[in-house]
Structure formats: C-alpha cells, structure tokens
Amino acid sequence: MAVTGWGVLSAIGTGAEEFSENWGQRLSGRKDVTEMFEQKLPSETACAIPDFNAKAHLSRKGSSFFDRSTALSVVTCKLALEDAGLVHDPADEKTDRDIGLVLGLSSGGPQAMSDFIHEMYTSEKPYLVNPVLFPYAVMNGAASATAIWHHLKGVNATVSGGQMAFLTALRYARNKVRNGYVNAAVTGVVEEFSPTRAWASHQARAGEEARVDLGEGGAFFVLEDAQTVRTAGRDLDAEILAVECGLYGEPGDEDDPTVGMTQCIVRALESAGVAPGDVWAVAPSLSGSPKRDRIERAAITAALGTDTPDLLPVKELVGETYSAAGGLQLAALLAEHRKSPERDGEVSLVTSLTSEGMAGVAVIRGWSRATSA
Amino acid sequence: MTRRVVITGLGPLSTIGVGPDAFAAGLRAGKSNSGPIRSFDASGFPHNIANELGDVHPSDYVTNIDPEAWGPASLAAAAVARLAADDAGLDRAELRRGRAGSVFGTTGGETRLHEDAYRKWLDEGPAAEFGDLVQKIPAYRLAVAANRELGIDGEAVTLATACSASNYAIGYAYDAIAGGDSDYMIAGGSEAMCAFAVAGFYRLGALAKDVCTPFDANRKGILIGEGSSALLLESLDSALARDARIYAEVLGYGLNCDANHMVSPLATSIAECTRRAHKNAGVKQEEIDYICAHGTGTPSNDSAEIAAMREVFGDGLPPMSSIKSMLGHSMGAASGFGAIASCLAIQDGFIPPTINLNTLDPNFAGVDVVPNVSRDADVRIVQNNGFAFGGNNAITIFGRYE
C-alpha cells in the first residue's frame with residue numbers, strides 16, 4: 001500500500017511542507033493556552049493550535065456547526081487530498097465514488113459530547129438539546145461530515161483506538177484497498193484540545209509521574225495500491241510494507257505485553273521482508289506514560305537489538321495527541337524523508353501501545369519529494 | 001489467497017432472548033418487550049418507551065473478565081463474544097491454535113459513562129473525582145473486552161460507524177479470514193442504553209412515542225433498543241476440519257457513503273451499495289430470497305430504503321421484514337442482529353415478521369413486509385441491510401452452505 005500524499009494540522013505546523021520544515025528544526029509546539037477557552041483549564045500550557053479556524057481553510061460556507069474534532073478532520077483531510085493532487089472535480093462523479101475515508105479517534109468529539117450532555121442536564125427539560133449538533137456529537141459525525149465536504153463516496157469508516165487509532169485505521173484501510181473496495185482511502189486521525197479533554201486527561205493521569213503536555217491535531221494520508229501507483233508511473237511518498245497488531249496483557253501476565261509487542265514487531269518485519277538491522281528510525285508512542293514507555297522501549301530493543309536506531313521525539317514536540325498520535329508519528333517519519341533524497345528507500349517503524357496492552361507496528365519505506373519549493 | 005468464510009457461532013444478547021435458540025424462538029413468535037425506560041430516570045422525556053435488556057444482565061454471561069472493570073457496552077461485547085465462541089464449540093486453547101481477534105461496532109460506545117462523569121462534575125464541582133470513569137470511556141474497549149474474555153491475542157477492532165457498524169464489522173472480519181490475516185474472528189456490535197440517544201433522536205423527531213411500526217402508513221419513528229450481537233467467523237476449511245455446525249456462508253458485502261446529508265438517507269446511494277454488495281458476493285438479485293431490512297420505522301428511512309430496493313429489484317422484490325419492530329433500534333448492534341436473524345432464517349427455514357403492522361403505507365403497495373406473523377420459507381440467500389447517520393451504508397450477504 002502506497003502513501004501518495006499527506007496532510008497535517010499540529011502545534012508545529014500546518015500542511016506537509018510547513019510541518020516538515022518545522023519538524024526538521026525540532027520546533028516545540030508548547031504554547032500558553034490560558035486565553036484559549038472561557039473555562040478554566042488544569043494546565044497553562046499545551047501543544048495546542050489556539051488560532052485554529054476552520055473557516056480560514058475552507059473556501060465555502062457550511063462549517064459553522066462543526067465541533068472542534070470535526071473541523072480538524074475536514075481541514076486535515078483537505079490538506080492531504082491537495083498534497084496528493086486529488087482535489088474534487090465536480091464533473092467527475094466516478095472518481096469521487098471510489099475514494100473512501102477511514103478516520104481513527106477514541107470516542108467522538110469529547111467537547112461536543114459534553115456540550116450536548118450539559119444541555120440535557122441543565123435545560124428546563126432534558127430534551128431541549130440542539131438537534132443540529134446531535135449528528136456531530138455521535139461518533140461517526142466527523143467522518144461523515146468530512147466525506148460530505150470532500151465528496152468521498154467510497155467506504156466511510158470510523159475506527160476507535162486511542163493510542164492505536166492510527167494503526168487500527170491503517171489496517172482497516174489496507175483491508176479495503178487490497179480487496180479493491182476503493183481505489184484510494186484517505187486515512188487519518190484527529191484529537192482535539194478542549195476543556196473536556198484537558199480535565200478528563202488530568203483526572204485519568206492523576207497521581208502518575210510527569211508526562212509531556214497534551215497536544216492536538218490531525219494527520220491524514222492518501223493510501224492507494226502500490227503496484228497500481230507504480231504501474232501508472234506516479235511517485236510514492238512511502239510504502240506501508242506491513243501493519244501488525246494484537247492485544248496483550250498487563251506486565252507479568254501470561255500474555256506479557258513486552259513479549260507480545262516484541263513478537264508483533266518481529267512478525268511485521270518478517271512479513272515486510274526487512275532485517276531488523278535495516279531499520280534506520282522508529283517513531284514511537286513514547287513519552288505519553290512512563291508505564292507504557294517501559295514496555296515499548298523494551299519491545300523495540302528486544303526486536304531490533306541493542307544497536308537501536310533513532311527514536312524520534314514526536315510527543316516531545318507535538319504533545320500527547322492520544323488518538324492522533326500514531327498519525328503524527330508517521331508524519332514525523334515522512335517529514336524526515338520529504339526533502340532528503342539520501343534517505344530514499346530506507347525503512348522505519350511506527351509503534352503504538354495502549355494502556356490496555358493493545359500494541360501495533362507499521363513498517364514504512366519512505367522517499368523524498370522532488371519539490372522545487 | 002482467498003478462503004471461503006462461514007459462520008459457526010451465534011451470540012445474541014437481546015431483549016427477546018439470549019442465545020440462538022431463544023432468539024430464534026422470539027423472532028418466530030414475533031416477541032417484543034418494549035416498556036418504560038428503567039435504566040435511568042426518563043420521566044422528563046415526552047417519549048420514554050424503549051426496548052431494554054431489563055432483567056438480562058451481561059455480567060451473567062462472562063466467565064473471565066471482572067464486570068466492575070468495564071463499561072456496560074464493553075461488558076456486553078464480552079458476553080456475546082463468549083456466547084458466540086461457546087456456540088461454535090471453541091475454547092481458548094482451540095482459538096489460540098490459530099490467530100483469533102474481534103471486531104465490534106457501536107454507535108454510543110460508553111456514552112453512559114460520559115453522562116455519569118458529567119453528572120458528577122455538575123453535582124460536585126471541581127473537586128469531583130471521575131478518573132476511574134474516564135478510563136472506562138474509550139469506545140475501543142468494546143473489542144478489548146471481547147478479546148480479554150476469550151483470552152485471545154489477535155487484533156481488537158472497534159468500529160464506530162453508528163447504526164450500520166455491525167455490518168462494517170462483519171465485512172472486516174470476512175476479509176480478515178478470507179485473506180488469511182486471521183483464523184477466527186468474532187464480529188458484532190454492542191449498544192447500551194443512554195439518555196444522550198433518547199434526547200437526540202427525540203429532538204430530531206425520529207423517536208416513536210410507544211410503538212415501533214416499520215412500513216406502516218402511520219409510522220412515527222424508532223424505539224431505542226439495547227443489546228449486543230456477535231457471530232463467529234472462520235474459514236470453511238477450518239469449520240470442516242473440526243466438524244463444526246455451519247449456520248451460513250458469508251458471501252460478501254458492500255459499503256459506500258452518501259456523502260450527501262448528516263441525517264437524511266439517499267435512496268440512489270443505497271441502491272448503489274446494494275449493487276456493490278451483490279457484485280462482491282457474486283449473487284444475482286433474483287437469487288436473494290429475503291431482505292432483512294434496516295427498517296427503522298422512521299418515515300424517511302423506510303421510504304428511502306424501499307425506493308432503493310425497488311430501484312435494484314424492480315418487480316422482483318423478495319420478502320423484506322424489519323426485526324426492529326421487535327427489538328427496537330439497537331444501533332451499533334442492529335445489523336449484527338440482522339446477520340444472526342439471516343443465519344437462523346437460512347438454517348431453520350423461516351422469515352421473521354414485521355410486527356405492529358396495521359396499515360401498510362400505500363406508497364409501499366405490493367411490498368411483502370411479512371406482516372405480523374413469521375412464515376416458513378426455504379431461504380437460501382439473504383441480504384442484510386444496515387444504514388447510518390451520515391450515509392454510512394453497509395450491506396452483507398449470507399448464503400446457505402452447500
């Protein structure tokens with residue numbers, strides 16, 4: 001499966017070009033967020049996008065009911081389609097129909113759901129909620145709105161996965177592209193920074209060791225069958241050689257997550273036909289949780305050997321973007337390739353792990369863009 | 001590599017029966033258990049009748065996981081995974097001999113816990129502690145709970161494509177088995193009751209007051225249904241090798257998106273999805289013996305669905321009934337129940353009825369909606385419809401294994 005274009009919204013840049021530039025400089029996305037919302041937040045900083053405004057990115061009206069997650073999805077998808085040269089042509093119905101959308105998230109837009117529940121609990125009558133907001137507060141709202149905005153009439157799937165949202169979405173998309181259900185699947189993830197998410201994370205993280213700031217953003221990738229792309233003589237940004245995942249146990253369980261994740265990486269490399277020593281970098285989900293970090297580090301070392309390749313500091317720069325994390329990890333790898341022809345054809349990994357012991361890995365072979373910019 | 005895929009286990013946890021035998025008996029008898037909502041105080045809602053699990057407790061059907069550690073939808077997903085695996089005669093050792101995973105659909109996931117956390121926040125202010133609830137909220141825990149209950153270590157996928165999500169799940173599992181990614185897959189959906197859905201659907205004008213009457217001239221909308229559904233899929237070779245009972249073969253499926261409107265369905269797009277499903281399954285439209293309809297009972301769904309089926313089938317529209325007349329609309333679990341009903345129709349030779357039908361909508365004249373009473377019939381191939389908000393259409397096709 002080939003990546004033929006990608007788009008990013010993040011605290012360190014918008015769009016593949018700007019993101020790649022700023023990633024290259026290891027720019028930090030940490031920002032003061034005290035003025036971002038009317039509500040008080042548990043922290044003064046986050047890797048957020050305080051000035052994000054969907055209307056500034058979208059050329060027509062109709063986005064005013066979008067909640068933050070939906071807006072992030074619609075705009076990031078647009079950036080990916082543009083990067084791939086797949087902009088909607090109103091005269092070409094057939095092409096549109098064969099493009100699908102796979103969106104990974106956790107449980108819908110957290111703030112949209114809270115706002116809806118707030119209205120239900122505080123209105124004079126519980127049913128005095130805004131019906132226009134309801135479809136966006138339902139979990140498939142963002143994917144549906146994104147498909148409507150960009151005329152994507154192929155499969156439209158919403159995959160829930162938290163830290164594993166991206167790799168799960170990638171496997172889902174592979175399943176559909178490989179079997180010919182769509183010609184292309186725009187596949188991505190989003191996570192918003194909002195009062196609900198900030199407080200929920202604050203409570204869920206209570207009592208744990210220090211972690212990186214929360215972050216927000218999105219990353220979308222246009223996926224097509226690699227052979228078809230090559231046959232047409234088109235360029236690839238990357239090829240997804242393998243995606244493997246599984247559910248393992250708590251540390252010490254019979255299904256030790258370190259052992260499980262190690263086997264998962266080994267299996268993926270075998271399936272990709274890549275030797276462990278040929279992996280030049282890993283974009284891991286590290287720095288979100290010390291407990292998960294220990295497992296992930298041990299698994300990477302066990303699978304790749306002690307001469308471990310570069311571990312890219314993704315969350316240190318873009319924050320803990322939870323459901324969007326895996327997508328931004330891949331974006332960081334592709335940013336390393338985008339202007340670096342000397343890296344052409346090199347192989348790297350994206351690794352992810354959830355607190356439940358769900359683990360996964362993607363094996364990526366990347367290329368540079370012959371851009372004149 | 002493409003392998004034939006069959007269904008060898010069924011796990012319905014429904015308001016009309018738990019397990020395939022009780023569920024089949026309920027479908028044949030045209031059972032329903034609708035009544036006033038009990039799982040939360042719904043007295044403030046003008047329409048507060050639903051199909052709830054009531055005295056059926058998912059915790060009674062799990063043996064491995066701790067019910068206290070999971071939200072209601074995840075717990076029920078684990079329960080139906082257990083029911084389906086048991087029905088297929090597969091224990092943990094056998095499941096782990098190959099690669100086994102699960103894929104679950106849902107609309108609301110653990111929205112009820114989001115409501116609980118928010119209530120606490122409102123009642124207790126900034127000092128409220130709800131971190132334990134937050135950790136149980138992620139929707140992806142549905143499939144995680146199912147895998148944990150069965151002790152399997154393959155992939156755990158949760159698809160949140162709303163009211164067609166189970167059909168999405170079945171499609172994914174089908175490809176995973178056919179393509180050799182997995183040897184056993186549990187596929188289904190899980191939906192727990194929440195006030196969120198009652199408020200939302202009421203305000204959209206899609207909620208019936210007291211009874212769900214699909215295809216009726218006076219249909220008013222859905223009743224919300226609770227429940228979970230799961231099917232066990234494996235390759236035909238695997239089923240034959242272990243001499244398993246085969247309910248039906250998964251012939252294929254079709255997916256597409258209206259990309260048109262957030263809540264209104266589009267008949268031409270549903271027709272296109274149907275044609276895709278037939279093509280993928282390698283069946284001709286005249287071979288379909290029964291359509292297990294999406295049949296929500298809202299004026300717009302039933303009109304769009306019948307218009308779409310007429311566009312595809314012309315004068316040859318087979319019998320088409322709505323089991324939501326009995327179960328209510330169990331959202332993410334709904335098309336899984338449809339798939340289970342399809343398997344039982346094929347195995348037992350009957351078509352479930354559309355109950356509560358008084359006057360067929362004159363616009364649907366000539367459509368056989370199997371009014372009120374189930375019917376014995378030789379059912380070889382079934383089409384199972386699932387449609388969702390945002391135009392997420394998914395249609396699965398099942399056939400008798402022969």
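How many residues of chain B are in contact with chain A? Here are my notes.

1. The answer is 74 residues of chain B, touching 69 residues of chain A; contact here means heavy atoms within 4.5 Å. Keep in mind that this is a predicted model, where local features need pLDDT of at least 70, side-chain atom pairs count only at pLDDT 80 or more, and totals for chains, interfaces and linings use all residues. Residues are numbered from 1 along each chain as its sequence is written, chains are lettered from A in the order in which they are written, and side-chain values use heavy atoms, with hydrogens and water left out.

2. Together the two chains bury about 6,000 Å², 61% of it on carbon and sulfur atoms (buried area is the accessible area, with a 1.4 Å probe, that two parts lose on being put together, summed over both). On the chain B side, B:Tyr140, B:Phe196 and B:Met262 lose the most area to chain A, together 13% of what that side buries.

3. Now the charges: nine salt bridges run between chain B and chain A (a side-chain nitrogen of Lys or Arg within 4 Å of a carboxyl oxygen of Asp or Glu). One of them to look up joins B:Asp181 and A:Arg178, at 3.1 Å from N to O. Helix α8 of chain B (residues 195-203) supplies the largest share of the side that touches chain A, eight residues; helices are DSSP runs of H or I, at least four residues, numbered from the N terminus.

Technical notes. Helix = DSSP H or I, 4+ residues; strand = E, 2+ residues; numbered from the N terminus.
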